[in-house]
Amino acid sequence: MGATIKAVTTREGTKPFAFSEAALAECRSIIARYPAERSKSALIPILHIAQSENDGWLSVNAMDAVAQVLGLKHIEVYEVASFYSMFNLHPVGTYHLEVCQTSPCMIRGSEKIVGHLSKKLGIQPGETTKDGMFTLKTVECLGSCGSAPMLQCGAKYYEDLTPEKVDAMLDAMRAENKRQTYTDR
Amino acid sequence: MGRKLLFEHITKPGIQGLEGYRANGGYRSVEKALKTMSPEAVVEEVKKSGLRGRGGAGFPTGMKWSFLAKPPGVPRHIVCNADESEPGTFKDRYLMERIPHLLVEGMITSGFALGAESGYIYIRGEYFYVHRILERAIAEAYAAGWLGKNILGSGFDFDLHMHIGAGAYICGEETALLESLEGKRGNPRIKPPFPAVKGLYDRPTVVNNVETIAAVVPIVNDGGEEYAKIGVGKSTGTKLISAGGNIKRPGVYEIELGITCDEFLNSDEYCGGIEGRALKAVVPGGSSVPIIPGELFLKTAAGETRLMTYESLSDGGFATGSMLGSGGFYAYNDAQCIVRSTWNHARFYHHESCGQCSPCREGTGWMEKLLHRIENGHGHMEDIDLLWDIQRRIEGNTICPLGDAAAWPVASAIRHFRDEFEYHVKYPTKVKDPDHFAKEPFKRELKASYA
């Protein structure tokens with residue numbers, strides 16, 4: 001977001017990125033939703049696909065591939081990717097836990113949930129566990145105020161959280177060990 | 001029980017799918033409009049209904065529609081604002097998740113009224129799973145001939161598409177939404193020109209909230225006059241209120257505009273009262289509207305019963321009133337700290353400022369820092385006046401209303417709860433514990449400043 005400037009990661013050390021065939025087909029169907037010559041409109045939906053195909057974050061290589069698909073200048077992609085808070089410009093854990101911390105959640109105890117997660121995982125918000133399993137993040141209102149406190153992991157909402165529910169969720173995640181992304185169906 | 005227009009069938013089995021939706025009278029408004037009405041007649045019904053924008057601003061929808069420019073040969077668009085990001089608001093999510101075809105139907109009928117070539121539903125990125133539900137509903141509607149070419153043999157063509165966002169409160173502002181829909185950063189545009197003249201792709205565009213578009217369905221089905229019979233004065237029809245905070249029954253409620261605030265907060269049909277402790281404060285319409293003490297929510301400063309209407313909730317102006325806003329209602333019990341909540345709000349607006357205008361970009365950051373300092377027991381008395389000064393310099397000095405939205409919660413918290421801010425400065429050791437008021441509720445040492 002404007003107020004929090006995120007640096008675009010350098011190319012060094014990042015692995016190459018290429019869309020899968022299925023993803024390219026989905027990109028084409030998304031582009032078809034907009035008038036010809038207006039394919040730039042597809043940028044955000046396609047960045048989501050690239051992020052999901054790149055372990056939950058957008059490397060420079062992934063963003064460059066998006067630019068190529070849409071025929072855009074690289075900077076047009078970077079400036080958008082760095083604006084929206086759901087695009088991660090740094091690697092994230094297999095499970096990216098985004099706890100809502102805005103006032104309606106705070107009133108219903110989100111700070112205690114963040115504290116509990118922090119203690120259980122041994123990390124602070126913004127950090128990833130050493131095994132790369134969990135990233136903890138505090139985020140702003142996710143539109144689930146009636147079932148607060150809550151967190152989002154990929155496309156899933158975990159609502160009406162208690163420390164016990166959080167423990168059960170973490171155990172289930174450790175057992176499954178499968179990345180959850182926003183574009184999961 | 002109040003009348004339900006949008007949620008009448010929401011608990012019916014299979015209502016999520018086209019078949020179940022049709023079985024409960026779905027898509028009647030499309031049939032009626034396309035077969036028996038002219039586009040102008042639909043706009044006229046919406047005008048008669050008195051429907052006002054349900055996203056927060058409350059602008060009359062019929063009037064907004066009549067501003068749409070119609071230059072020959074230029075395609076027009078209708079865009080649904082499903083970016084619902086106002087803290088405390090989750091009504092649109094509930095509607096789209098439970099009864100997605102209602103929104104699809106509303107888009108077709110509204111698109112017909114406006115002569116739109118196509119429509120887009122811009123949904124916030126976090127609601128990805130709801131986006132999938134709507135994608136399915138749209139596919140079903142295409143397959144059944146409710147969308148596409150020559151709908152119902154009427155000659156009206158209409159395409160409807162989903163568009164996903166990626167996490168930005170600012171994209172709920174209509175011009176920022178259009179920028180985002182064009183694949184850019186969500187920086188609001190300078191108005192005029194308004195979207196009705198130059199909107200999406202510089203074409204005439206109407207942007208309406210999910211609930212507004214859904215309300216077009218009962219308005220066309222039953223007639224604008226019938227809709228306008230519900231409510232009080234210029235607040236007609238029903239409104240979805242998402243209720244949260246320290247209440248017994250959080251959830252989304254469809255209310256008839258005009259019920260009393262007391263009934264909404266305390267009756268078992270709605271919020272069911274405050275959980276455990278005493279009512280302290282209320283944010284009636286999403287985090288941007290002024291926070292008011294509980295007693296001012298229930299009764300106006302003049303002692304009149306406050307109603308859930310646009311007018312009654314803003315009775316007394318910002319001195320003693322608030323706003324209906326988006327219907328994002330949340331209540332605080334006396335264990336809550338207003339300073340902590342205000343700091344939380346300020347952090348939200350700082351995070352969500354797009355950074356275009358200096359007063360908002362810089363001011364929201366300063367407000368967050370000052371409130372953090374006061375809340376954590378490092379504040380000075382001058383900080384309270386400085387906060388007041390900063391919010392004054394933001395309000396009205398920015399391209400879009402995010403600046404105002406950031407200023408109002410801070411201004412209202414100081415206006416009504418200044419003694420609580422002073423307490424934080426006077427007793428820094430007591431407020432070090434984040435739960436300071438949970439153990440010992442704050443007792444007012446001063447009379448409320450509105451008196």
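Tutor: A disulfide is a pair of cysteine sulfur atoms within 2.5 Å. Keep that cut-off in hand for this predicted model.

Student: How many disulfides does the structure hold over all chains?

Tutor: The count is 0.

Student: What makes Cys100(A) count as buried?

Tutor: Its relative accessibility is 2%. Buried means under 20%, so Cys100(A) qualifies. Cys105(A), at 3%, is buried too.

Student: Where is Glu140(A) found?

Tutor: In chain A, in the loop that runs between strand E2 (134-139) and strand E3 (151-153).

Student: Is Glu140(A) buried or exposed, and how do you know?

Tutor: Glu140(A) has 7% relative accessibility. The cut-off for buried is under 20%, so Glu140(A) counts as buried.

Student: Which residues does Glu140(A) touch, leaving out those up to four places away in sequence?

Tutor: In chain A, Glu140(A) touches Cys100(A), Gln101(A) and Thr102(A). From chain B come Arg347(B), Phe348(B), His351(B) and Glu352(B).

Student: Why is the link between the side chains of Glu140(A) and Gln101(A) called a polar contact?

Tutor: The distance is 3.3 Å. A polar contact needs N or O atoms within 3.5 Å, one able to donate a hydrogen and the other to accept it. The side chains of Glu140(A) and Gln101(A) are therefore joined by a polar contact.

Student: Now chain B. Which domains does its assignment give?

Tutor: Domain 1 (18-223), domain 2 (232-333) and domain 3 (338-439).

Student: How do you know that domain 2 of chain B and domain 3 of chain B are in contact?

Tutor: Contact means heavy atoms within 4.5 Å. By that rule, 16 residues of domain 2 of chain B are in contact with 15 residues of domain 3 of chain B. Between them the two domains bury about 1300 Å², 59% of it on carbon and sulfur atoms.

Student: What makes Glu420(B) and Lys280(B) a salt bridge?

Tutor: Their closest N and O atoms are 3.1 Å apart. The cut-off is 4 Å, from a side-chain nitrogen of Lys or Arg to a carboxyl oxygen of Asp or Glu. Therefore the pair is called a salt bridge.

Student: How many residue pairs are in polar contact across the interface of domain 2 of chain B and domain 3 of chain B?

Tutor: The rule finds 8, with both residues at pLDDT 80 or more. On the domain 2 side, H14(B) gives the largest share, 3 residues.

Note on methods: Residues numbered from 1 in each chain as written. Chains lettered and ligands numbered in written order. Predicted model: local features only at pLDDT ≥ 70, side-chain atom pairs only at ≥ 80, totals over all residues. Heavy atoms only, no water. Buried < 20%, exposed > 50% of the residue type's maximum accessible area, 1.4 Å probe, protein only. Helix = DSSP H or I, 4+ residues; strand = E, 2+ residues; numbered from the N terminus. Domains from an automatic or database assignment. Buried area = accessible area lost by both parts, 1.4 Å probe.
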